[in-house]
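Let's take a walk through the aromatic side chains of this one. Have the structure open and follow along.

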Amino acid sequence: MKRLFNIKARCFTGRTVAPGGASVLASLLLSLVALPLAMSAADPTTTLSFDQPATNFHQSLPLGNGRIGAMVFGGLTEERIVLNENSVWSGSRENADRTEAHQALPEIRRLLLEGKNVEAEKLVNANFTCQAKGSGHGNGANLPFGCYQTLGDLRLKFGHPQVQAEEYSRTMDLRSALAKVVYQSGGVRFTREHFISAPNEVFVSRLTAGKPGSLSFTIALDRPERFATTATAAGELLMTGTLNDGRGGKGVSYAARLRALVRGGAVKADGKTLVVENADEVLLLLTAATDYKGFAGRQLDDPVAATQNDLDRSAKKSFAELRAAQQADHGKWFNRVELNLPVSANSARPTPQRLAGFAQGAPDPALAALYFNFGRYLLISSSRPGGLPANLQGLWAEEIQTPWNGDWHLDINVQMNYWPAEVCNLSELHEPIHKLIASLVEPGRRTAKAYYNARGWVAHVITNPWGFTSPGESATWGATVSGSAWLCQHLWEHYAFTLDRDFLCRAYPILKESSLFYLDNLVEEPKEKWLVTGPSNSPENQFKLPDGKVAHVCLGPTIDMQLLRELFGNTARAAEILKMDADLRRELTAKRARLAPNQIGPDGRLQEWLEPYPEPEPHHRHVSHLYGLYPGYEITRRGTPELAAAARKSLEVRGDEGTGWSLAWKISFWARLHEGDRAHQLLKMLLRPAFTSGMNYFGGGGSSANLFCFHPPFQIDGNFGGCAGVAEMLLQSHAGEIELLPALPQAWPDGSVKGLKARGGFTVDLMWKDGEPLSAAIHSTGGTKVRVRHGQRLTLLNLRPGKSKTISY
């Protein structure tokens, strides 16, 4: 089989490379270099390419419109397309709270205050976890907690044998959201084009052949369980089913409907399949729906009727009309940001070989741009206004029992999914997590009352579409009390970037009630008289007590204190902006000052707990005590140099190795410390081939062949965290100013980026050469005064909303 890329050009260094680069690269970066750059149809910063079909899920091509998802394998004798709909969740609403749990709280706290953590932990396990089985330790498909599941498979079975295939290519164009398969068999060129339209709520596949009458295949829809498929003489398949509610009853019902439209030849029903015979061209339209009625989604009574209506509307339009609407919709998001980095010889290789070459040392700056663009693409494809948030696998799953239920973990994972949303100019796509947060307030009030006899609302470590806010089923991880505080950061960050006062008015009651819970949940520790949380965890980590015993439950872990300083400060600031709740502002300010501070331990590291406990697992994947470095910003290189140095030492001891999402997090840590080459090293580790299966908590993270982040297994948060990390290397705005190229690695000496967002209501376009900025255009989207920094050079701008200023260097 021949490789997709086979044209050669000259790059900036004069070496032989493959062509690539978008129009902005051609117009901007060519002014930085004397050598010409040939352009090809396939841009290596926006194209995934393969020279053979996928043999597993992690080689297939992801498509999505925010609600419907698909994974294209591109097989020759059989095309398998995994289908998803983001409300295909088993389970149902339950009261998982122990309503009398608060009665055990005084004794748990007494033991913790006396340093008897192991005894306290036993009480937490006995009295302070969720009732019943909770998430089933990540296996909740048949429990009330539920599990995100595959919708099913679309299978096309062809007649030509694989050995006859030539000139095979399979590509994913991120810029236009098109998956394409092209090959020759028996002297005939076959083409398949796939996309999912948000405006028309339909998955579209067009199959064409270079010779009339060459398309003959069967079409089937199936699923591992709980489905029935029927075929009609009108050229339709309908698959329906009802999921397990976890109680032995009926849960969410779903429907998927496909129609085959042929030009030339014929289509007929054959049992539970459709048969296409001797067609010139085939258009497949597939719609999907459920009757999930929760905090988001379509709120349908009849998913079968909805699929029929969606299909009928789409069938009235031509392929060109469907494609134009889909491209316009996708482009309005994707084209807001453009990152250009130089291509190299490695850039021309198919994606799996490209990853392998990069891991072996081949230069490929454009691979970082591809990964950045892929992260933006995945967010556009899995998170749209009005829909459910991206989950642990975004939108894409092939299982009934998805790893960790494909849920929303609140101790970093769902938050990491949305780290690119604001900085990458996709603020509107932040809305689904905002809706999730709002949906947790009511059940979170009940949980706050049941466990803490407190005001306000709380959510712990895991949640689902059914409003789960209880602690997890084990004290070792489920006692983490700061999940809701971390969620609230996303409310403030949206305001910080957009200055949307109306949004702040809607968000403020949520911030206020979260703060009320934590105000009621603070206790005074005896040694320093600091206010601390408890019981809690430093997410999923453990520590050794002086007697050598290992514990997880503690008072006032560093991350809790950092989160509460942030939450109390943001709530007080919001109240000030909105001119509300003066008494609450004073209380928040006073108690914020009494929270346990960041502490530097005897070894120079930032402490993770109130005491400098040793860790049984010093290279743990979570680095929770550095929340204040990123995504928080109370630790900064210039503002708190001692704490920044302690955070740096913590990172050195923790080590670079980790799971996929942990590697992604560390990119932004090092970027905040202005160490671009170290950040790039973590990005390189995140991009290393990880074609393993199974589960690994201790390392081995990387990327699968289709760039999905591997924990392992597949977990999409690392894709989003890596995307945000690249942005953080190029632009930062957390320290009260816009900083240009704060962590630019030597591997990216020349480049440009346009459309990144900065806090305070600004958009930034930036060009650089030889590691130094050439120009920066600052556009006000609502902000006025701003200080722009590069190194020691500061420029003060005073812009009116809608105006711009270009700074030349």
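**Aromatic rings and their neighbours**

Start with Trp665: its relative accessibility is 0%, so this residue counts as buried. Keep in mind that we're looking at a predicted model. The ring of Trp665 pairs up with that of Trp486, with 6.3 Å from centre to centre and 45° between the planes, a tilted arrangement.

Trp486 and Trp665 sit in one aromatic cluster together with Trp419, Tyr627, Tyr630, Trp661 and Phe669.

Across the whole structure, a search turns up 29 aromatic pairs. Another of them is Trp396 with Phe708: the ring centres are 6.1 Å apart and the planes meet at 40°, so this pair is tilted. Here, too, distant parts of the chain are linked, 312 residues apart: Trp396 is in the loop between α7 (365-382) and β20 (408-409), while Phe708 is in the loop between β26 (702-703) and β27 (709-710). Both residues, Trp396 and Phe708, are buried.

Arg170 places its charged end over the ring of Phe50, 4.2 Å from the ring centre. Over the face of Phe195 you'll find Arg323, at 5.5 Å from the centre of that ring.

Key. Residues numbered from 1 in each chain as written. Predicted model: local features only at pLDDT ≥ 70, side-chain atom pairs only at ≥ 80, totals over all residues. Heavy atoms only, no water. Phe/Tyr/Trp six-rings, centres within 6.5 Å; stacked < 30°, edge-to-face > 60°. Helix = DSSP H or I, 4+ residues; strand = E, 2+ residues; numbered from the N terminus. Buried < 20%, exposed > 50% of the residue type's maximum accessible area, 1.4 Å probe, protein only. Lys NZ or Arg CZ within 6 Å of the ring centre and 35° of its normal.
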